Amino acid sequence: MTNDTPIPFKPIGFVRTNATKLPRHWSVSQEKGVLEIHPEFAPALRDIETGQKIVVLFHFHKSPAFNSGYLFQTPPHRSSSRGVFSICSPIRPNAIGMSIIEVTNKNQGHIGVKHIDMIDGTPILDIKPLITGEEDCPSAE
């Protein structure tokens, strides 16, 4: 593998929401939606439970292509620019987003969620449990 070897990702599903105006960050969102998971991955949702918080990794598929002009950006709530790795901008070298959302229900390959900040049709790359401490870690003894 070289420094510029592409790393391919395939979506495991897509976000569905009727929300037309989304907050810029999941931590201030009350918006709801559904994670539609492809049938071949749906069995892996077995142990996800209502009320659980999950980490969703997704692709900022509507963001412009990154170039060096985006290394420093001024977020709408800031008065000065900041390095891209210190902000939550969707314009990133690798257009990967992360949100922590709460499961409201689950039915087959569909997970009802709230606190989304993703638009309808957003490709989902992965889902992980939210681990906040050692007591949540599945490999802790």
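Me: Why is D120 called partly exposed?
Reply: D120 has a relative accessible area of 40%. Buried means under 20%, exposed means over 50%, and partly exposed is in between (1.4 Å probe, protein chains only). So D120, at 40%, is partly exposed.

Me: What kind of model is this, and how are residues numbered?
Reply: This is a predicted model, where local features need pLDDT of at least 70 and side-chain atom pairs count only at pLDDT 80 or more, while totals for chains, interfaces and linings use all residues. Residues are numbered from 1 along each chain as its sequence is written, and side-chain values use heavy atoms, with hydrogens and water left out.

Me: What makes D120 and R16 a salt bridge?
Reply: Their side chains meet at 4.0 Å, N to O. A salt bridge needs a side-chain nitrogen of Lys or Arg within 4 Å of a carboxyl oxygen of Asp or Glu. So the pair meets the rule. D120 lies in the loop between strand 7 and strand 8, and R16 in strand 1, so the pair ties together parts that are 104 residues apart in sequence. Strands are DSSP runs (E, at least two residues), numbered from the N terminus.

Me: Why can such side chains pair?
Reply: Side chains of opposite charge can pair when their charged atoms come close.

Me: Which other residue is linked with R16 and D120 in a network of salt bridges?
Reply: E36 is. The side chains of R16 and E36 meet at 3.4 Å, N to O. R16 is in strand 1 (residues 13-16) and E36 in strand 2 (residues 32-37), so this pair joins parts that are 20 residues apart in sequence.

Me: How many salt bridges are there by this rule?
Reply: The count is four. Among them is D47 with R46, at 3.1 Å, N to O. D47 and R46 are exposed.

Me: How do you know whether H115 is buried or exposed?
Reply: The relative accessible area of H115 is 16%, so H115 is buried. H115 is found in the loop between strand 7 (110-114) and strand 8 (123-129).

Me: What does the side chain of H115 reach?
Reply: It reaches the backbone oxygen of S29 at 2.6 Å. A polar contact is a pair of N or O atoms within 3.5 Å; within protein, one must be able to donate a hydrogen and the other to accept it, and residues adjacent in sequence count only if both atoms are side-chain atoms.

Note on methods: Helix = DSSP H or I, 4+ residues; strand = E, 2+ residues; numbered from the N terminus.
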